[in-house]
Amino acid sequence: MAFSRRSLLMGAGSAVPVIAITGCGGSGGGGGGTVTFLVDNNPNNIAASESLIAAFNESQTDYEFTMETRPGGTEGDNLVKTRLSTQDMPDAFSYNSGSLFQAIRPVQNLLDLSDQPWVDRLAESFPDSVSVDGKVYGVPHGGSNSGGVWYHKPTYEELGLEVPLTWDDFIANAEAAKSAGKHGVIQSYGETYTSQFLVLADFHNVATANPDFAEQYTANEVGFADDPTAFRSFEHVEQITKEGLVNEDYVSTTLEQALAYLATGEGAHYPFFASGISEIEANHPDQLEDVGFFALPGDDAATNGLTVWLPNGIYIPGTAENPEAAKAFLAFVASAEGLAAMAEGAQPTGPYMLTDVPLPDDVPTAIRELQTYFDTEGATTPALEFVSPVKGPNLENILIELGTGSIDAKTAAQRYDQDVEKQAQQLGLEGW
Amino acid sequence: MTAVVSTELRAVPAGRENGERRRSNYLAKAYPLWYYLPAGLLFLVFFAIPTFASFFFSLTRWSLFDWEFIGFENFRQFLSEPQLIGSLRNTVVYAFLTSGAKVVLGMALGLLLTSQIRARGLLRSLVFFPVLVSTIGVGVMFTTMMHPTDGLINTALAVVGIEGPKWLADPQLALISVALVDIWKGVGLATVIYMAGIVAVPAEYYEAARVDGAGAWSTFRRITLPLIRPATFTVITLSLIGGLRSFDLIWAMTSGGPGFASDVIASVVYKQYQAGFYGLSTAGNVVMFLVVMLIVVPLNYFMRKAEVDQ
């Protein structure tokens, strides 16, 4: 025989490195003066981005921008990481600020934008969420979002209730609504992520009780099970489900059904994002003024305040083919014209992160009223995921276990503290 | 069938062995080792290398951008997850429940559909039809039908005065509900395998039994059941492996919920991948590989032995 099986295998082995799979590099931005902006496929973001790109292309003649969409959620996280690691990222892309931003290795993958003129105009709470070691890597993509409680205004008027400033008042209102034959608090475990708001939107209260919570949490010095205020939010989830204040079908209710309960007054309260306004506007346009929004109340009425979700950042990858075009685009995104163009496509869900641009006049009352929190000293706190990179993937399901009575609040809090360990280790944080 | 083949093999006279060798020499000349190269390369690049790479990455903390070697830390982490015990139990329950039901129902339907009944062809296609439908489609359809208040199943039960269970919304029942759908979808394939096995049993055996005065039960017990054993083994192996690594139907119907009530190993691994714990989820895949091997290899050995003994 010409050669043995062994030599065949050896030959094949040495051939492999030569034909090893290579990344599909270089096709990122496209040529011929067109530049691509990658944005997630949320319908509002698409509408806002279309209108933004059209306005930018009209405002100058040097560059032609086009839009590319990607999935949102964890699928989007993986897509962004994969495209960055294969050097296949378009010249400008929108992605979460805060902890998810930290996970895409900004120093290694992104262009430092600290020298851009818009950096000085950023609202105080934003830059930290897109910065590493004091260097800014992103521009805010549109308005902020908030976590809190939606309520049905006509129900409040009918029952003579007032917007609660403490958790006990909130429970009293929910009980009053329940006695009137409505769902006291709507929950929608059919859309798992919506189970988290009683915990995540409570962070303003946690941070007012312990201003160093985020720092200590990142350093593994404190957790949800051993900080009394943080633990209370787990007890809240247990309380509303145990006391039967929730809608009967809460385990299978979806977000759409939950917002329908709220808009039609079948339910009195729904803890969710302020951005729920766009779904309400789309599905219940006539009830748009029947809904209001308040901050999730804590123990002390005097420190009542709102937990704020900072907008996505728009970033430029280090491998950008046309960084000048991308920088011009980002500057436009930070301008009053750019924000106005986005608002034409989809209205903002909360105040902007640029100090000199006010909200448009035609936003619904519930959103305009949020400005009061932003204008009050110390009444807004960025959500924990923007001030600490530590966030576990299983919070939503742990809270559903808690809410369906499979485990108690203490076990749930401990499990979540254990869950975040993986994220902290993955990021290589100290103290884990 | 296999029994027949193996007797034939045993009957091969010793003198034939020489001829066999001459034939394989000829084969080696006509098809030199070069011919293995394309297939071998494909196998190496797409199967062997990724497999060994995954064993390696299961020992690292991997972020897609870079990796850090951490020994068996991922396995410690994976095996200390509070949800892991639940998901291991769910995996085993799900696999054995669906596999057992497919054997019993598949055999019953196989017997029914090989007997002389009306509309046999139509019934055969009806039983097989669910196998052809996309799993995700089936999952979405049944999720809607199993909705506790608005779903078709519970509204139908309400008409006759029964208050249906909450199916997927009840943590105690969610896994069983998904398993029921899996059985509905998979029983058609088991039935076809059984039908083939039953048809292959020679009619003479039944005639002889009838002459001896055997009733329907003892005919089934003493003739059909032992002679369709190869079909049973095929159904068990296929459905057990399918059940152990089952993911698509569970993900489409409950995503492992409510909470972690219907999580199986595959969905835990998938969620870890989603969360960006690439090293950890690779370690989870290695664990799943070991679990499947641990159950299937002894089972396969036992069934092969039983087959030869026949």
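This briefing describes the domains, a sheet, helix packing and the chain contact of the structure above. The model is predicted. Chain A is divided into domain 1, residues 34–144 + 310–360, and domain 2, residues 145–309 + 379–426. Chain A meets chain B in a contact that takes 30 residues from chain A and 31 residues from chain B.

**Domains of chain A**

- The centres of domain 1 and domain 2 of chain A, taken over C-alpha atoms, are separated by 28 Å.
- Contact between the two domains involves 13 residues of domain 1 of chain A and 15 residues of domain 2 of chain A.
- On the side of domain 1 of chain A that touches domain 2 of chain A, the residues divide into 10 polar, two nonpolar and one charged.

**A five-stranded sheet in chain A**

- Five strands of chain A form an open sheet with mixed pairing, in the order 2-1-3-12-6.
- Strand 2 (64–70) and strand 6 (138–140) of chain A stand at the edges; each has a single partner strand, so one side of each is left without a neighbour in the sheet.
- From one strand to the next, the twist averages 25°.
- Strands of a sheet pair through backbone hydrogen bonds, in either a parallel or an antiparallel sense.
- Strand 6 of chain A pairs with strand 12 (residues 313–315) of chain A in the antiparallel sense, over three bridges.
- A:Pro140 has A:Gly313, in strand 12 of chain A, as its bridge partner.
- Helix 2 (residues 43–59) of chain A lies across strand 1 (34–40) and strand 2 of chain A, and runs at about 170° to strand 2 of chain A.

**Helix 19 and helix 20 of chain A**

- Helix 19 (residues 395–403) and helix 20 (residues 409–426) of chain A pack with their axes 9 Å apart, at an angle of about 165°.
- Since angles over 145 degrees count as roughly antiparallel, helix 19 of chain A is therefore roughly antiparallel to helix 20 of chain A.
- The crossing of helix 19 of chain A with helix 20 of chain A is right-handed.
- Helix 19 of chain A contributes A:Leu395, A:Ile398, A:Leu399, A:Glu401 and A:Leu402 to the contact, while helix 20 of chain A contributes A:Ala409, A:Ala412, A:Arg415, A:Tyr416 and A:Asp419.
- The residues of this contact between helix 19 and helix 20 of chain A divide into seven nonpolar, three charged and no polar.

**Helix 9 and helix 12 of chain B**

- In chain B, the axes of helix 9 (residues 174–199) and helix 12 (residues 229–244) come within 9 Å and cross at roughly 160°.
- Helix 9 and helix 12 of chain B are therefore roughly antiparallel to each other, and their crossing is right-handed.
- From helix 9 of chain B, the contact is made by B:Gly186, B:Ala190, B:Ile193, B:Tyr194, B:Ala196 and B:Gly197.
- From helix 12 of chain B, the contact is made by B:Pro230, B:Ala231, B:Thr234, B:Val235 and B:Ser239.
- The residues of the contact of helix 9 with helix 12 of chain B divide into seven nonpolar, four polar and no charged.

**The side of chain B that touches chain A**

- The contact between the chains takes 31 residues from chain B, and the elements of chain B that give two or more of them are helix 3 (36–57) and helix 14 (265–274).
- Helix 3 of chain B gives the most to this side, with six residues.
- The residues of the side of chain B that touches chain A divide into 19 nonpolar, 10 polar and two charged.

Technical notes:
Residues numbered from 1 in each chain as written. Chains lettered and ligands numbered in written order. Predicted model: local features only at pLDDT ≥ 70, side-chain atom pairs only at ≥ 80, totals over all residues. Axes fitted to C-alpha atoms, helices over the stretch in contact; angles between N-to-C directions. Helix = DSSP H or I, 4+ residues; strand = E, 2+ residues; numbered from the N terminus. Parallel < 35°, antiparallel > 145°, perpendicular 65-115°, else oblique. Left-handed = near helix turned anticlockwise from the far one by under 90°. Contact = placed C-beta atoms within 7 Å. Nonpolar A, V, L, I, M, F, W, Y, C, P; charged D, E, K, R; others polar. Domains from an automatic or database assignment. Pairing = 2+ DSSP bridges.
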